Amino acid sequence: MGKAGTALTWLWLVVLVVALDLFTKHQASTLLSYGVPHPLLPVFDLTLLHNTGAAFSFLAQAGGWQRWFFALIAVVVSTVLLLWMASTPRDKYWLGAGLALVLGGALGNLYDRVVQGYVIDFISLHYNGYYFPAFNLADSAITIGAGMLIIDMLWFSDSRHKSK
């Protein structure tokens, strides 16, 4: 990319997301009892849960092989994201930050999956008896990053502007 640099300048955000994710998961594991809700707001609890599956506990009861399957997927996706960042010009701020958030979240959950055998979730949102699946900071970073990638594709993409 020459003198302009690449989106790899956003690696600091990847490190920040991983550090905050692992810190909050450690705090949740240390301070919360498993499965016991600690209400903070009428719609928000801290509840320590372990997810051996993927999003929404997909394949959580699969017998153990899913741990390495999801770890492999995370490694492949992380590699693709890193290569994408390396080929993205530095001035594509929205795209670079979105990629960094998704990569940081993927690495935070990958660490859990490989070291613990499950992903630590602790954020519980609910309303009127309906519960959203528990999640963590890594999941939040992935969701925000994916939203940024969609927004970049829809509004900031060079190919979109060229087609007009």
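1. Salt bridges. A search of the whole of this predicted model finds 2 salt bridges. In one of them Asp-21 pairs with Lys-25, and the closest N and O atoms are 2.7 Å apart. These two residues both belong to helix H1, where a spacing of 4 residues separates them by about one helical turn. In the other, the side chains of Lys-25 and Asp-112 meet at 3.0 Å, N to O. This pair links distant parts of the chain, since Lys-25 lies in helix H1 and Asp-112 in helix H3, 87 residues apart. Lys-25 takes part in both pairs, and Asp-21, Lys-25 and Asp-112 are accordingly linked in a network of salt bridges.

2. As a general point, side chains of opposite charge can pair when their charged atoms come close.

3. A buried charge without a partner. Asp-152 is buried yet has no salt bridge, and the nearest side chain of opposite charge, that of Lys-92, is 6.8 Å away. Leaving aside residues up to four places away in sequence, Asp-152 touches Trp-94, Leu-95 and Ser-157.

4. Aromatic pairs. The structure holds 3 aromatic pairs. In one of them the rings of Trp-94 and Phe-156 have their centres 5.8 Å apart and their planes at 70 degrees, so the pair is edge-to-face. Trp-94 lies in helix H3 and Phe-156 in helix H4, so this pair ties together parts that are 62 residues apart in sequence. Trp-94 counts as partly exposed at 34% relative accessibility, and Phe-156 counts as partly exposed at 42%. Another edge-to-face pair is formed by Phe-132 and Phe-135, with 6.1 Å from centre to centre and 85 degrees between the planes. Here Phe-132 is partly exposed, with a relative accessible area of 46%, whereas Phe-135 counts as buried at 17%.

5. The nonpolar cores. Which residues have the most contacts inside the largest nonpolar core? This core has 17 residues, and those with the most contacts inside it are Trp-10, Leu-13, Met-85, Leu-99, Ala-100 and Leu-101. The elements that give two or more residues to the core are helix H1 (11-31), helix H2 (65-87), helix H3 (93-115) and H4, and the largest share, 7 residues, comes from H3. A second, separate core of 7 residues includes Ala-28, Leu-48, Ile-123 and Phe-135. In soluble globular proteins, nonpolar side chains tend to be buried together.

6. The sheet. An open sheet of 4 strands has the order E1-E2-E3-E4, with antiparallel pairing. Its edge strands are E1 and E4 (130-131), each of which pairs on one side only. Strand E1 (residues 38-41) and strand E2 (residues 44-51) pair in the antiparallel sense over 3 bridges, and these strands form a hairpin with 2 residues between them. Within this part of the sheet, Leu-41 stands opposite Phe-44 in E2. E2 is joined in turn by 6 bridges to strand E3 (residues 119-127), and E2 and E3 run antiparallel. Two positions can be followed across these strands: Asn-51 stands opposite Val-119 in E3, and the bridge partner of Asp-45 in E3 is Ser-124.

7. The chain as a whole. The chain has 5 helices and 4 strands, and from the N terminus on its elements run α-β-β-α-α-β-β-α-α. Of its 164 residues, 37% count as buried. Among contacts between residues at least 6 apart in sequence, 66% join residues at least 24 apart. The salt bridge between Lys-25 and Asp-112 and the aromatic pair of Trp-94 and Phe-156 can be looked up in the structure as two examples of links between distant parts of the chain.

Methods: Residues numbered from 1 in each chain as written. Predicted model: local features only at pLDDT ≥ 70, side-chain atom pairs only at ≥ 80, totals over all residues. Heavy atoms only, no water. Buried < 20%, exposed > 50% of the residue type's maximum accessible area, 1.4 Å probe, protein only. Lys, Arg positive; Asp, Glu negative; His and termini not counted. Salt bridge = Lys/Arg side-chain N within 4 Å of Asp/Glu carboxyl O. Contact = heavy atoms within 4.5 Å. Core = buried A, V, L, I, M, F, W, Y, C linked by side-chain atoms within 4.5 Å. Pairing = 2+ DSSP bridges. Phe/Tyr/Trp six-rings, centres within 6.5 Å; stacked < 30°, edge-to-face > 60°.
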